[in-house]
Amino acid sequence: MFLSPLAPNTATYKITVKKQNGSYKLPKTPAMEATNSERVYDPELNNTMDNFSLEVGYIAPILVVGGFCLLLFLEVRFPLRQRKQPLISRILTNLCLSGLVFAMGTYLVNPAASNLIKWTAGQTFGLLYIVPLPYSGQFIAGFLLMDLTFYYWHRANHVFPLFRRFHNIHHIDPDLDVTTSFRFHLVEIAYSTGFRALQVILIGVTPALYGFYELIFQCSTIFHHSNVRLPIRFERLLNKVFVTPRMHGIHHSRVRGEMNSNYSVVFRWWDIIHKSLRLNVPQLEIDIGVSGYQKQEDNRLWNLLCLPFRRHRKSRDLPEGVPPLRGRSISADNAGFMLE
Ligand SMILES: [Zn+2]
Ligand SMILES: [Zn+2]
């Protein structure tokens, strides 16, 4: 899909306003003019949230690396799907690609997002300023909008052929586990900077919101890519709200209708709203990967880096001539019911 790098250190930002009787009044948005309400800058709350953002920036890598190791242990001990290839042969490739992704996030995406956030923090435009909301309401609305826009971005990576070429690197992994989480082409991360910039400007993201969403995004990504077998009843319950391993496993299926489903990242609601939810596929029947990219050499590091620049293989290039289909027994009926 796309990468979202760890939270940037967007610890300080300035808003130039006049102090009146101990409080700081900010310019009004049109919606505030209409309701005659005030937007007051509270330095104390602002400092608290900045410190919170900074702390998130420090603990995020520890949480994500710790969670990664825990999930790796659990999926070896309690696997959900059977592996097609030994973990060792994939882990080096996936970690190399992930390293490039993190470098790109650190040196390109983060600085760009960080600078933009500093700038937008002093402005009064963005979706979050259309309706005057208390800070908590603005934070929740911002979190939801961040997650919804990621749904659209992920979907765009499947819909537009140029994006799909790069996103393919994530999908042709023959197995799906926690090591697939950050396996992307570095060019996909580079152009996702444009999306992040648009997201920050459009929503009007604050440093604290950005930092907090990034942390939850990273945790959710490693969790739903993992191959951990959770008790089905527990996962069904969890999946009422969050994207889970069985749900995202279906998105990595070779069957086209299944790959074109389950695009959500943190909350599963966006797939329900856009009618792209598909849960009724048994995990043992899922063939992970992409048709046309099943050879072992396709997953060598150099070939993966060059793959988007080579001729894209289509279904008609397959030995069988047609992409895999799912039998009628698992149809679109009951698509919202998670199977084992
Ligand atoms: Zn995808
Ligand atoms: Zn994925």
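Tutor: Two residues are in contact if their C-beta atoms, placed from the backbone, lie within 7 Å. Helices (H or I, at least four residues) and strands (E, at least two) are DSSP runs, numbered from the N terminus. The model is predicted: local features need pLDDT of at least 70, side-chain atom pairs count only at pLDDT 80 or more, and totals for chains, interfaces and linings use all residues. Residues are numbered from 1 along each chain as its sequence is written, while chains are lettered from A and ligands numbered from 1 in the order in which they are written.

Student: Which residues of H4 and H6 meet?

Tutor: On H4 they are Gly142, Leu145, Met146, Thr149 and Trp153, and on H6 they are Phe195, Gln199 and Ile203. This contact comprises 5 nonpolar, 3 polar and no charged residues; Ala, Val, Leu, Ile, Met, Phe, Trp, Tyr, Cys and Pro count as nonpolar, Asp, Glu, Lys and Arg as charged, and the others, Gly among them, as polar.

Student: At what angle do the axes of H4 and H6 cross?

Tutor: Axes are lines fitted to C-alpha atoms, for helices over the stretch in contact, and angles run from 0 to 180 degrees between N-to-C directions. For H4 and H6 the crossing is at roughly 145°, and the axes come within 11 Å.

Student: How do H3 and H6 pack?

Tutor: Helix H3 (residues 87-120) and helix H6 (residues 186-203) have axes 9 Å apart, at an angle of about 15°. H3 and H6 are therefore roughly parallel to each other, as angles under 35 degrees count as roughly parallel, over 145 as roughly antiparallel, 65 to 115 as roughly perpendicular and the rest as oblique. Their contact divides into 15 nonpolar, 4 polar and 1 charged.

Student: Where does H3 bend?

Tutor: The bend at a residue is the angle between axes fitted to the seven residues ending there and the seven starting there. In H3 a bend of about 45° falls at glycine 105.

Student: Why does glycine 122 count as partly exposed?

Tutor: A residue is buried if 20 or more other C-beta atoms lie within 10 Å of its own, exposed if 12 or fewer, and partly exposed in between. Glycine 122 has 13 C-beta neighbours inside 10 Å and therefore counts as partly exposed. Glycine 122 sits in the loop between H3 and helix H4 (135-159). By contrast, the buried residues of H3 include Arg90, Asn94 and Leu97; H6 and helix H7 (207-225) are among the elements that cover the buried residues of H3.
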